[in-house]
Amino acid sequence: MPKIAAFIIPNKVLKKEIIKYKKNVKKKLGNQIYLNHLPHCSIFTMNVTKQSFFEKSLKKSITHKSRFTTYNVYKKSIFNFDPITKNKTIFLKIRKNKYLTDLQLLLLKKIQNFRKNEKSPKFKFRWMEDNYKKFGYPFVKKRWNPHFTIASIKKSKNSEKFISKFLNKKFNSFPSEKINKIYIYNILKKKHKLLWKINLKN
């Protein structure tokens, strides 16, 4: 069954910056997890049963009313223990607001009927398992930290020094960006494939 994901895609300027960071990681540390992924912020990933029906339910415009309609990338950060990769994951952090939280829940609610009925994977933490059982995705509500990933870095001779330099170097926050579309991708082993876009009406 297909595995799909809902992404926020950065604007051209931010995308260029993320790619620059990714290239620097590869130059200094070689291949790392997520380096070959397109710049994006994951709202969710999920195995679904019938892609055609799922597509029909989401392809129309979605109305999501809120006084917040933007996101803001404001600093560099790190997951010191990424529960998915077991490595240190560096990223650009998005300032979370009610709009983003509600948008995630709205999308998850719309696709619950298309979730693949499967046994929950083994997770490091109980809250991940609970969220997966309820929503089909382990990072929801207060456990979702929206961000643009740079790479998940394996421990090596030079990795700690590189990470420290990455985090401590001055970072200028990006202007707030309005979210007009959500991008739905098919998650494949080597490359993500764009399926369609959802227009957001505020």
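Biologist: How many residues does helix 3 have, and how far does it reach?
Modeller: Helix 3 (residues 98-111) has 14 residues and reaches 20 Å from first C-alpha to last. That is close to the 20 Å expected, taking 1.5 Å times one less than the number of residues. Helices (H or I, at least four residues) and strands (E, at least two) are DSSP runs, numbered from the N terminus.

Biologist: What kind of model is it, and what is left out?
Modeller: It's a predicted model: local features need pLDDT of at least 70, side-chain atom pairs count only at pLDDT 80 or more, and totals for chains, interfaces and linings use all residues. Residues are numbered from 1 along each chain as its sequence is written, and side-chain values use heavy atoms, with hydrogens and water left out.

Biologist: Which residues of helix 3 are buried?
Modeller: Among them are Tyr-99, Leu-100, Leu-103 and Leu-107. Buried means under 20% relative accessible area, with a 1.4 Å probe and protein chains only.

Biologist: What sits at the start of helix 3?
Modeller: A side-chain oxygen of Asn-97 comes within 3.1 Å of the backbone nitrogen of Tyr-99.

Biologist: Switching to strands. Why is strand 6 largely enclosed?
Modeller: Because 6 of the 7 residues of strand 6 (residues 88-94) are buried. Strand 6 runs antiparallel to strand 5 (residues 73-79), joined by 6 bridges, and antiparallel to strand 7 (residues 147-153), also through 6 bridges. Two strands pair if DSSP finds at least two bridges between them.

Biologist: What is Asp-82 in contact with?
Modeller: Leaving aside neighbours within four places in sequence, Asp-82 is in contact with Tyr-34, Asn-87, Thr-89 and Ser-152. Contact means heavy atoms within 4.5 Å.

Biologist: One more: is Lys-22 buried or exposed?
Modeller: Buried, with a relative accessible area of 7%. Lys-22 is in helix 1 (residues 12-29), and the Lys-22 side chain reaches the backbone oxygen of Ile-150 at 3.1 Å.

Methods
Buried means under 20% relative accessible area, exposed over 50%, partly exposed in between (1.4 Å probe, protein chains only). A polar contact is a pair of N or O atoms within 3.5 Å; within protein, one must be able to donate a hydrogen and the other to accept it, and residues adjacent in sequence count only if both atoms are side-chain atoms.
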